[in-house]
Amino acid sequence: MGWSVMLFAAGFGNRMKHLTADRPKPMVEVAGRPLIDHARALTDALPAETVVANLHYKAEILQEHLHNTNVQTIAETPDILETGGGLRNALPLLGPGPVMTLNTDAIWQGPNPLDQLQKAWDPDRMDGLLMCIPPQNAVGYDGPGNFLIGPSGQIKRGDGGIYSGAQIVKTERLAEIDRASFSLNILWDMLMAENRLYAVEYEGLWCDVGHPQGVTNAETLLGYRHV
C-alpha cells in the first residue's frame, strides 16, 4: 500500500525566536540540513505514494526548497488553518484513504516512526493511531504528557505519553467540523468518545525542536559536531 503523508509546515515558529525571523521553522537547520529534509527522509523510506506539505509563513522559501522533490505543496491563504483545517484543506491532494501526518519540528533517533505506525495500524479497530513518546525517551522535554494508554492501546487524555507529532488518521469526519481553522484535537475528541483512538509508544528517542535549545539538544542526540 502506498501511503499518503501530510507534513505540517505552515506554522509561524514563534518559539524559535530569532531563528525564524528570515525563514519558516521547517527551514531551520539541524545537523547541517533543514528540519523539513529530516522529515522527508522518513517519508522517503516508507515509501510514500503521496507527500504533501502545507505552507503559510514565508511560504515562498519552502516552495523553492521543495521544488523538484516528491513533495507537493499547498499554501494556506489568507489565513493559517491549524492542523485540522490544514489537513482537510489538503485532502484533494492526499486522497480519501487514511493519512499519515508528521510534524516537521522534531528529530527522531531510532526506528522510523512512520514504519512503526504502519505496522501497528489496524483500520478495523482504529480511526486514529497516535505515536506517543514515553517521558524518559523525550530529549529536553519538560512539559506534561498528553495521553494515558490503556492495555489495549486505547487512549484518554492525561499526563502520560507525549504526543510526538506523528499519527495515522482516517479523515472522513473532518467534514463534520463546522469551522475553517481548527486543531486536530477536535477530531481526536470525537474519536476518543467512540473508543476509536489508539496510541503506540515509540521505541527510540525523540527531540522536540520547537525552540532554539531544541536545535542544540537534537544535534547532541545525533552526535553532530559543528566544524
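**Salt bridges, aromatic pairs and the sheet**

In helix H1 (residues 35-44), aspartate 37 and arginine 40 stand three residues apart, which means that about one helical turn separates them; helices here are DSSP runs of type H or I with at least four residues, strands are E runs of at least two, and both are numbered from the N terminus. The model is a predicted one, in which local features need a pLDDT of at least 70 and side-chain atom pairs count only at pLDDT 80 or more, while totals for chains, interfaces and linings use all residues. Residues are numbered from 1 along each chain as its sequence is written, and side-chain values use heavy atoms, with hydrogens and water left out.

The side chains of aspartate 37 and arginine 40 are joined by a salt bridge, with 3.4 Å from N to O, a salt bridge being a side-chain nitrogen of Lys or Arg within 4 Å of a carboxyl oxygen of Asp or Glu. Aspartate 37 and arginine 40 are both buried, where buried means under 20% relative accessible area, exposed means over 50%, and partly exposed lies in between, for a 1.4 Å probe and protein chains only. The count of salt bridges comes to 11. Another of them links arginine 125 with aspartate 122, whose closest N and O atoms are 2.9 Å apart; here arginine 125 is partly exposed at a relative accessible area of 36%, and aspartate 122 is likewise partly exposed, at 23%.

A further salt bridge connects aspartate 127 with lysine 170, the closest N and O atoms being 3.2 Å apart. Because aspartate 127 belongs to the loop between helix H5 (113-120) and strand E8 (128-133), whereas lysine 170 belongs to the loop between strand E12 (162-169) and helix H6 (184-193), this pair ties together parts that are 43 residues apart in sequence. Aspartate 127 and lysine 170 are both buried, and salt bridges with shared partners bring Asp127, Lys170 and Arg196 into one network.

Aromatic side chains form five pairs in the structure, the rings of Phe, Tyr and Trp (its six-membered ring) being paired if their centres lie within 6.5 Å, with planes under 30 degrees apart counted as stacked, over 60 as edge-to-face and the rest as tilted. Among them is the tilted pair of phenylalanine 12 and tyrosine 57, at 5.8 Å centre to centre and 55° between the planes. This pair links distant parts of the chain, since phenylalanine 12 lies in the loop between strand E1 (3-8) and strand E2 (29-30) and tyrosine 57, 45 residues apart from it, in the loop between strand E4 (48-55) and helix H2 (59-66). Phenylalanine 12 is partly exposed, with a relative accessible area of 37%. Tryptophan 108 and tyrosine 202 form an edge-to-face pair, at 4.8 Å and 85°, and both residues are buried.

Seven strands build an open sheet of mixed pairing, in the order E5-E4-E1-E6-E12-E8-E13, two strands being paired if DSSP finds at least two bridges between them. Strand E5 (71-75) and E13 are the edge strands, each pairing on one side only. Even so, E13 is largely enclosed by the rest of the structure, because four of its five residues are buried. Five bridges pair E8 with E13 in the parallel sense, and among the bridge partners are leucine 130 and alanine 199, the latter in E13. By contrast, strand E6 (residues 99-103) and E12 run antiparallel and are joined by four bridges, with threonine 101 having glutamine 167 of E12 as its bridge partner.
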